[in-house]
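Please read them alongside the sequence and the coordinates.

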Amino acid sequence: MTDCIFCKIVDGSIPSKKVYEDDKIICFYDLNPQAPVHVLIVPKEHICCADAINEDNADIIAYIFTKIPEIAKTLGLSNGYRIINNCGDDACQTVKHIHFHVLGGKQLAGQMA
Ligand code: 5GP
Ligand code: ZN
């Protein structure tokens with residue numbers, strides 16, 4: 001998608017500090033980290049948000065979740081981590097290309113919202 005920051009990170013036209021990449025997904029450090037470790041896991045296919053997940057595209061979401069333990073291990077998150085997906089305006093989703101935040105490296109706050 002032309003005007004999508006994460007599509008541009010996927011195609012390399014915007015640089016990122018990559019943690020993991022394969023033919024289906026990319027994982028890179030968040031520009032504005034909210035924890036000592038804060039990465040984003042993004043499918044290469046443009047899906048706007050969790051509200052657009054359906055039977056046709058659900059495989060990539062499942063695939064991301066199979067890769068998270070491997071990525072977390074690489075990042076040294078042996079004591080746990082938080083996975084966050086913001087969906088839509090009430091959740092303050094700022095980039096409209098679905099992504100999963102993985103945060104850790106300290107004891108995170110107990111409050112969710
Ligand atoms: P959202 O608010 O949509 O759930 O999360 C978007 C995230 O993308 C934010 O945490 C923001 O810091 C991050 N972000 C926005 N633009 C860029 C960028 O160009 N590069 C990287 N690495 N992260 C970005
Ligand atoms: Zn996109």
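Contact here means heavy atoms within 4.5 Å. The model is predicted: local features need pLDDT of at least 70, side-chain atom pairs count only at pLDDT 80 or more, and totals for chains, interfaces and linings use all residues. Residues are numbered from 1 along each chain as its sequence is written, chains are lettered from A and ligands numbered from 1 in the order in which they are written, and side-chain values use heavy atoms, with hydrogens and water left out.

1. Gln-93. This residue sits in the loop between strand 4 (82-84) and strand 5 (strands are DSSP runs of E, at least two residues; helices are runs of H or I, at least four; both are numbered from the N terminus). Gln-93 is buried, at 4% relative accessibility (buried is under 20% relative accessible area, exposed over 50%, partly exposed in between, with a 1.4 Å probe and protein chains only). Not counting residues up to four places away in sequence, Gln-93 is in contact with Cys-48, Cys-49, Asn-86, Cys-87, Gly-88 and His-99. Its side chain comes to 2.8 Å from the backbone nitrogen of Gly-88.

2. Ligand 1. Surrounding this ligand are 16 residues, and Tyr-29, Asp-30, Asn-86, Thr-94 and His-101 are the closest (a residue counts if one of its heavy atoms lies within 4 Å). A polar side-chain atom of Asn-86 is 2.8 Å from an oxygen atom of the ligand. Polar backbone atoms also take part: that of Tyr-29 lies 2.9 Å from a ligand nitrogen atom, and that of Thr-94 lies 2.7 Å from a ligand oxygen atom.

3. Zinc site. Cys-4 (SG), Cys-7 (SG), His-46 (ND1) and His-97 (ND1) coordinate the zinc ion (ligand 2) at 2.0 to 2.3 Å (donors are N, O and S atoms within 2.8 Å of the metal, or 3.2 Å for Na, K and Ca). The site is tetrahedral, with angles of 104 to 116° among the four donor atoms (for four donors, all angles must lie between 85 and 135 degrees). Cys-7 belongs to helix 1 (residues 5-11) and His-46 to the loop between strand 3 (37-43) and helix 2 (58-74), so this pair ties together parts 39 residues apart in sequence. Cys-7 is buried at 11%, whereas His-46 is partly exposed at 27%.

4. Nonpolar cores. The largest has 18 residues, with Ile-25, Ile-64 and Leu-77 among those with the most contacts inside it (a core is a set of buried Ala, Val, Leu, Ile, Met, Phe, Trp, Tyr and Cys residues joined through side-chain atoms within 4.5 Å). Helix 2 gives the largest share of this core, six residues. A second, separate core of ten residues includes Cys-7.

Conventions
Tetrahedral: all angles 85-135°; square planar, octahedral: opposite > 155°, others 65-115°. Polar contact = N/O pair within 3.5 Å; in protein donor to acceptor, adjacent residues only side chain to side chain.
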